[in-house]
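Reader: Please take me through the features of this model one by one, giving me the general idea before the particular case.

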Amino acid sequence: MKETDREAVATAVQRVAGMLQRPDQLDKVEQYRRREARKKASVEARLKAAIQSQLDGVRTGLSQLHNALNDVRDIQRSLADVSKDWRQSINTIESLKDVKDAVVRHSQLAAAVENLKNIFSVPEIVRETQDLIEQGELLQTHRKLMDLECSRDGLMYEQYRMDSGNTRDMTLIHGYFGSTQGLSDELAKQLWMVLQRSLVTVRRDPTLLVSVVRIIEREEKIDRRILDRKKQTGFVPPGRPKNWKEKMFAILDRTVTTRIEGTQADTRESDKMWLVRHLEIIRKYVLDDLIVAKNLMVQCFPPHYEIFRNLLNMYHQALSTRMQELASEDLEANEIVSLLTWVLNTYTSTEMMGNVELAPEVDVSALEPLLSPDVVSELLDTYMSTLTSNIIAWLRKALETDKKDWMKETEPEADQDGYYQTTLPAIVFQMFEQNLQVAAQISEDLKTKVLVLCLQQMNSFLSRYKDEAQLYKEEHLRNRQHPHCYVQYMIAIINNCQTFKESIVSLKRKYLKNEVEEGISLSQPSMDGILDTIAKEGCGSLLEEVFLDLEQHLSELMTKKWLLGSNAVDIICVTVEDYFNDFAKIKKPYKKRMTAEAHRRVVVEYLRAVMQKRISFRSAEERKEGAERMVREAEQLRFLFRKLASGFGEDADGYCDTIIAIAEVIKLTDPSLLYLEVSTLVSKYPDLRDDHIGALLALRGDASRDMKQTIIESLEQGPTQVNPNYVPIFKEIVVPSLNVAKLLK
């Protein structure tokens, strides 16, 4: 308490200090005192009210506890009185045992009297019931059957109550009503027959189906009543419980299973499309049946039967079982596709379970998959394995067919732009397209896998294509007269490379998502490289064909015959132009490169002839005449290749400028300027070697030994700065059996 008092005093001091911070506030001390007094009085009043409320509650609780104690004492006294009365009445109850036995005998005799009429009329009722069954009067049959069973069960129950151990009398009663069980079985057969045809019956005669359901519902109520009595007495009549509702659903389930299995009309041997036909029949039957069940059958069954939901589950389970059976068979690739497309797409589409006529009762998102993921994965693996083998075989067959076309005597077909082509790219990519379209019907993931497979096999195929094109070229070189249309088909092979490139890009753009494109784009550079190699080798083989025909005329260059007036270059130009008229059927990217390569090779062969030491000019007049001829021929070649390269937007005149630069060295009349001219030539063409310079000086025929040696040694010592954009042209020109020492001699 002392601690509390100290805290209160400290708080009060702090509060007063807060209120009296300025001198003028001292005038309000009395006002502050009255305000605090009012607050104190208010707090004390609330405290007193709270304490009074608590005291009232305690007083009320004590009063109630006192009353409860008095009630408990009264109950104890009452229980003691009841116990006393019960002990006194035991003797009285035992004296009434005879009365109880008399009551039991009276009830048994009353039941016997009541059932005497039914007992004597049992044979007649049995005959009437049998007739009603034959007439199809199900409700009346069941009424008669219920009367028979009621009589039998009543007698047996009374016998059971009187003497449950007397099996002889129980057997006698059961034997007398023996026909009852047979009638029950006959009626059940009739009911099951109606249920097996329920989807037909509900459309033709729904009242018959309603009658069957009513009979089953009655039997269910009887079963429940008998089971309840069993809990009390332990007695169960023979043949109970019948469980007809459970049997009804079992019959419907077997009917659904039989209907699904019975839709296979063909086999693979009789019809290649057997599975497609089978699945389509299943789709149509299931959809029609469920629509009938939703619109008609639900009206014939009590709501708690949930007949549509149960039928839906039965059909789903039967379909799942049937799909499992089909998946376990040795299916072909196209059959696997048909099965997976149906299971994964068609089943939940608007053509089947997603049909608007089944909504909203059927929620496709809540349906379990017909095939487990493991089975689907196994089927996809089998499909991919089979597809791989098929693609390899198809590609091999397509290439063999294309190779046969290469040997034809007729030219290949041309596309709409006039470029030669064969049918190989169209066949290959049509095959890829078909497989990708099929895969896309199943899933995006499978489509991507098939695309990757196609690209991988395309890579291998292009390697074989390259080898076959090389063998084609080698076979032609062994006999240039065969095949007859070698040039045209080699052009088609080159053009096919461009078509393959464009088709690969188109295929990826069409079937590949952007997010996975990077993952499989590495195969593209590899295929582009192979296609460029095939095209390059094809262009090279065609140019080789050209230069084989030019070989004789190239050998005339820089000879005495040439100096005297040979028309070798004229023939070369005509021959090249003639070949390039055929090469106009080559697509632009490759034709452009081929034209540039032909230009370069013609110039290289011309320069090789210069370096061959075929002639040596004897006078300034010959040098002038030879140089002027070289300039004219260079311009002639320049004109030719400008004409061939028109439309490409590039100028390759630099090759012909090399011939003119060589001609300027030959044409020079002042030998003292020869070093300057040669050094200028070397600075322009840094791949010029000593043997090239020696051959060039030997061609002039007027350079002394000392001059040759001085020029060569000076050029060896001088610094050379190579232009990074310079393309070597002399590098591949070899001066045969020629060295500086021999030239100097």
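Reader: How many aromatic pairs does a search of the whole structure find?

Author: Rings of Phe, Tyr and Trp (its six-membered ring) count as a pair if their centres lie within 6.5 Å, and planes under 30 degrees apart are called stacked, over 60 edge-to-face, and the rest tilted. By that rule, the whole structure holds 15 aromatic pairs. One of them is the tilted pair of tryptophan 342 and tyrosine 347, with 6.0 Å centre to centre and 35 degrees between the planes. Tryptophan 342 and tyrosine 347 are both buried, where buried means under 20% relative accessible area, exposed over 50%, and partly exposed in between, with a 1.4 Å probe and protein chains only. This is a predicted model, in which local features need pLDDT of at least 70 and side-chain atom pairs count only at pLDDT 80 or more, while totals for chains, interfaces and linings use all residues. Residues are numbered from 1 along each chain as its sequence is written, and side-chain values use heavy atoms, with hydrogens and water left out.

Reader: What kind of pair do tyrosine 685 and phenylalanine 730 form, and where do the two residues lie?

Author: Tyrosine 685 and phenylalanine 730 form an edge-to-face pair, 5.8 Å centre to centre with 70 degrees between the planes. Tyrosine 685 lies in the loop between helix H25 (674-684) and helix H26 (690-700), and phenylalanine 730 in the loop between helix H27 (705-717) and helix H28 (740-744), so the pair ties together parts that are 45 residues apart in sequence. Helices here are DSSP runs (H or I, at least four residues), numbered from the N terminus. Tyrosine 685 is buried, with a relative accessible area of 5%, and phenylalanine 730 is buried too, with a value of 0%.

Reader: Which residues form one aromatic cluster?

Author: One aromatic cluster is formed by Trp406, Phe429, Phe432, Phe461, Tyr465, Tyr472, Tyr486 and Phe500.

Reader: Which lysine lies over the face of tyrosine 305?

Author: A charge sits over a ring if NZ of Lys or CZ of Arg is within 6 Å of the ring centre and within 35 degrees of the ring normal. Lysine 245 takes that place over tyrosine 305, at 4.4 Å from the ring centre, and lysine 585 lies over the face of tyrosine 420, at 5.5 Å from the ring centre.

Reader: What span should helix H10 have, and which of its residues are buried?

Author: The expected span of a helix is 1.5 Å times one less than its number of residues. The 18 residues of helix H10 (residues 244-261) should therefore span 26 Å, and the end C-alpha atoms are 25 Å apart, which agrees. An α-helix has 3.6 residues a turn, so residues three or four places apart point the same way. The buried residues of H10 are Trp244, Met248, Phe249, Ile251, Leu252, Val256 and Ile260.

Reader: How much space lies in the largest pocket, and which elements line it?

Author: On a 1 Å grid over the protein atoms alone, a pocket is an open set of points with protein on both sides within 12 Å along at least five of seven lines, and lining residues have an atom within 4 Å of a point. Grid points are joined across faces, edges and corners, and a volume is the space filled by probe spheres set on the points. The largest pocket holds about 510 Å³. Two or more residues of its lining come from each of helix H11 (274-295), helix H13 (333-346), helix H14 (373-406) and helix H15 (424-442), with the largest share, 7 residues, from H13. Of the 23 lining residues, Val276, Asn334, Val337, Ser338 and Val438 lie nearest the centre of the pocket.

Methods
On a 1 Å grid over the protein atoms alone, a cavity is a set of points where a 1.4 Å probe fits but cannot get out, and a pocket is an open set with protein on both sides within 12 Å along at least five of seven lines; lining residues have an atom within 4 Å of a point.
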